[in-house]
Amino acid sequence: MRFDHIAVNVKNIEASTQWYVDNLSGQILYQDDTWALLKCFDCKIALTLKKQHPPHICFEINEETRHEKFKDKNFRQHRDGSSSCYMRDLDGNIIEYLLWKN
């Protein structure tokens, strides 16, 4: 398991993307009207809309980890070929577990 990204909710994807580019030297990896993914230094930051994604921390897992630790969880398919599930920690913070299909 390894850290993949942190997601923060923003009000305007385009304006917030430009702010991260200008203020954190963000490199745009993906952007559309509903979300953006930027690389800022050595971290990826997803900019999301509140109505579509909760703020969260994401960790990438492999197929073996999924079967060992998350076999009873429903992983939802994404348009980029990945799938993920969300869970809450003891304090209600949201953690995403991301699985890439190779």
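## Cysteines and salt bridges

Cys58 is buried, its relative accessible area being 0% (buried means under 20% relative accessible area, exposed over 50%, partly exposed in between; 1.4 Å probe, protein chains only). The structure is a predicted model, in which local features need pLDDT of at least 70 and side-chain atom pairs count only at pLDDT 80 or more, while totals for chains, interfaces and linings use all residues. Residues are numbered from 1 along each chain as its sequence is written, and side-chain values use heavy atoms, with hydrogens and water left out.

The sulfur of Cys58 has its closest cysteine sulfur in Cys85, at 9.8 Å, which is too far for a bond. Cys40 is likewise buried, with a relative accessible area of 5%. The structure contains zero disulfides (pairs of cysteine sulfur atoms within 2.5 Å). Cys40 takes part in none, and the nearest cysteine sulfur, in Cys43, is 8.1 Å away.

Two salt bridges are found in the whole structure (a side-chain nitrogen of Lys or Arg within 4 Å of a carboxyl oxygen of Asp or Glu). In one, the closest N and O atoms of Glu60 and Arg2 are 2.9 Å apart. Glu60 belongs to strand β5 (residues 56–61) and Arg2 to strand β1, so this pair ties together parts 58 residues apart in sequence. Strands are DSSP runs (E, at least two residues), numbered from the N terminus. The side chains of Asp4 and Lys44 also form a salt bridge, with an N to O distance of 3.0 Å. Here Asp4 in strand β1 is linked to Lys44 in strand β4, 40 residues apart.

The accessibility of the paired residues is as follows.

| Residue | Relative accessibility | Class |
|---|---|---|
| Glu60 | 17% | buried |
| Arg2 | 52% | exposed |
| Asp4 | 6% | buried |
| Lys44 | 25% | partly exposed |

Technical notes. Helix = DSSP H or I, 4+ residues; strand = E, 2+ residues; numbered from the N terminus.
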